[in-house]
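I kept short notes on what I looked up.

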Amino acid sequence: MPEVARKAVVVGAGPVGCLSAIALSNMGWEVEIYEARPDMRLPSSKGTAQQRSINLAISPRGILALQTIHPDATDRCLRTAVPMRGRMIHHTTGKLSSQPYDRSGQSIKSIDRAVLNEDLLELASKTANIRIFFRHKIVSIDFDSRVMQIENMESKNNSSVPFHFCVGADGSYSVVRRQLMRVTRMNYEQTYIPHEYLELRMAAGPPHTPDGEPTFLLDPNHLHIWPRHSFMLIALPNQDKTFTCTLFAPTKEFDKLTSPDVIVSWFKTHFPDALSLIGQDALLHDFKHNPRGSLISIKANPYHYKDRAVVLGDAAHSMVPFFGQGLNCGLEDVRVLYYTLLNGHVNPLDGPSGDAVDESLEKALHAYTEARHEDLKAICELAMDNYTEMRHSVATPSYLFRKTLDTTLASLFSPPTDPYANNKFGVAFPTAWPSGWLPLYTMVTFRPDISYATAKRKARTQGKILSYTGWATAATTVGAAAAAAYTLFGRLRK
Ligand SMILES: Cc1cc2nc3c(=O)[nH]c(=O)nc-3n(C[C@H](O)[C@H](O)[C@H](O)COP(=O)(O)OP(=O)(O)OC[C@H]3O[C@@H](n4cnc5c(N)ncnc54)[C@H](O)[C@@H]3O)c2cc1C
Ligand SMILES: NC(=O)C1=CN([C@@H]2O[C@H](COP(=O)(O)OP(=O)(O)OC[C@H]3O[C@@H](n4cnc5c(N)ncnc54)[C@H](OP(=O)(O)O)[C@@H]3O)[C@@H](O)[C@H]2O)C=CC1
Ligand SMILES: Nc1ccccc1C(=O)C[C@H](N)C(=O)O
């Protein structure tokens, strides 16, 4: 009898859904993707789906996942990337200061969200055993009978679709997660922060020569931040020389911006340089037409049910965007699940018949939840902390002092070799405790061989040492200053 592969259904054709489908197809599953929205590659869909952000920062965790699952995906998805090597702080005084992300010069990359999603969709649609159904919305799932109800949004007809394995990659408001909660004892925590965001476009500058290229109005190799303590503006570069600026502010601050005059004068007070580059008309246009988005953080546990379902990406863990890790983490979920299924010898061609439980798959999904939970909790918390750092701390002397100490200690006690550099794309699971002194930002952003939870723990230990060193340095400096003053005072008296 010919072997027939079992069927995996992936819900959601966002970046995480597309990469999951390719990973499952690599393993031999027959895959169907159901996506509620129209195919974003079609000219008729361009600009219709209101996406949450225009661009996003991709970093080695996301890149490693792409590379592992589909080696061609990396070059393709990064073709429009603009490297950002550090933060550029725009102080209230108008002064600019650059803060590199990493002492060895590594960068995070600003990419167009739609381009990334379209590229992954294209790769998935070219993969032989993947079929994609657009305008098909999952309405409900009966996991015990392994069948889901799907609404065809064109015809408005509902149909039943059977499956063996279901991957929920359907974003923050996941229906798969909601359905899982009915059958598992899922712990679930959802927090809306009291801040919202609004995107503003900064156009490209004029060419320097009549037939020349347009220019960037700000340095393109930085992520620009205007920290104003309780709110902030940021700007990420795009390949077409524009910047996408995002204003993050408490709802009560946004609510004060009720008329064009108030908006312009508020910008004149807080972001005069940004206002002159964005322009008043463009600013007022975007305030009027762009939606204000809310910011949500979601933690859940477990992520799976028996041998038949798992949630990945924002469906499993929405985080506030301030570490630029939401998607990177979602892509990393796919890589970790992929290795967990391979290591668990899960074989879509060799499963039990009928409705019997596939024990290898059940064990692998359990192992995934066990391995992943601490990390996902850690990055959701780190993302929250990074908001305070970006909107407030970056401009304070105490932060700059600690950062200088942190970087100095990293250069004094750097590990003799960088295990990630030597083992670039062979890393399957995050390693044990990393040696040497490593700044938190480096571990989270540039070291996919270090898990988020380990990074958080190591940073806490280093933080304590930093505090003692800081006090000791301050005391030594004060002591040295006092001694110098005493000597000088003594000399002057003679
Ligand atoms: C302002 C902002 C800035 C961000 N910046 C960054 C950044 O710089 N770096 C970073 O790594 N992350 C960033 N993120 C986070 C990132 O956007 C998300 O983590 C990422 O989009 C999650 O991808 P996903 O595939 O899990 O979900 P999504 O991209 O939401 O995809 C889910 C898909 O499922 C579909 N769907 C939903 N329900 C159903 C259903 N019932 N049936 C069928 N289909 C369904 C949706 O239509 C959608 O296409 C940012 C987020 C925000 C809000
Ligand atoms: N962590 C965060 O703070 C935030 C993260 N995000 C993430 O950014 C990514 C891109 O966002 P985007 O593509 O614009 O996704 P959206 O949030 O606009 O919508 C995705 C799906 O969720 C449904 N949905 C939206 N809002 C709600 C709600 N309040 N209650 C129930 N269902 C809802 C929509 O269904 P329907 O069309 O039927 O309404 C839609 O199909 C997503 O991963 C999203 O999860 C987005 C916002 C904030
Ligand atoms: N992409 C983002 C979107 C929104 C807010 C922040 C980011 C960042 O990437 C911040 C960056 N990691 C930083 O710490 O400077």
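I began with ligand 1. The model is predicted, and I read the ligand's surroundings with that in mind. I counted 29 residues around ligand 1. The closest are E35, A57, R113, D314 and L327.

Next I looked up backbone contacts to the ligand. Which residue has a polar backbone atom 2.8 Å from an oxygen atom of ligand 1? I found that it is L327, a residue also listed among the closest to the ligand. V16 also reaches an oxygen atom of ligand 1, with a backbone N or O atom at 3.1 Å. For G324, I noted a backbone N or O atom 3.3 Å from a nitrogen atom of the ligand.

I noted the crossing as left-handed. Which residues meet there? From helix 1 I listed L19, I22, A23 and N26. From helix 2 I listed A65, L66 and I69. I then sorted this contact by residue type: six are nonpolar, one is polar and none is charged.

Then I turned to the strands. I reminded myself that strands of a sheet pair through backbone hydrogen bonds, either parallel or antiparallel. I looked up strand 7, residues 108-112. Strand 3, residues 55-58, is joined to strand 7 by four bridges, and the two run antiparallel. Here L56 stands opposite I111. A57, one of the residues closest to ligand 1, falls within the range of strand 3.

Strand 7 also pairs with strand 4, residues 82-84. I counted three bridges there, again in the antiparallel sense. In this pairing P83 stands opposite K109 of strand 7.

Strand 10 covers residues 147-152 and is joined to strand 9 by six bridges. I picked out one pair of partners: I138 has I150 in strand 10 as its bridge partner.

How values were computed. Residues are numbered from 1 along each chain as its sequence is written. Chains are lettered from A and ligands numbered from 1 in the order in which they are written. This is a predicted model: local features need pLDDT of at least 70, side-chain atom pairs count only at pLDDT 80 or more; totals for chains, interfaces and linings use all residues. Side-chain values use heavy atoms; hydrogens and water are left out. Two strands pair if DSSP finds at least two bridges between them. A crossing is left-handed if the near helix is turned anticlockwise from the far one by less than a right angle, and right-handed if clockwise. Contact means heavy atoms within 4.5 Å. Ala, Val, Leu, Ile, Met, Phe, Trp, Tyr, Cys and Pro count as nonpolar, Asp, Glu, Lys and Arg as charged, and the others, Gly among them, as polar. A residue is near a molecule or strand if one of its heavy atoms lies within 4 Å of it. A polar contact is a pair of N or O atoms within 3.5 Å; within protein, one must be able to donate a hydrogen and the other to accept it, and residues adjacent in sequence count only if both atoms are side-chain atoms.
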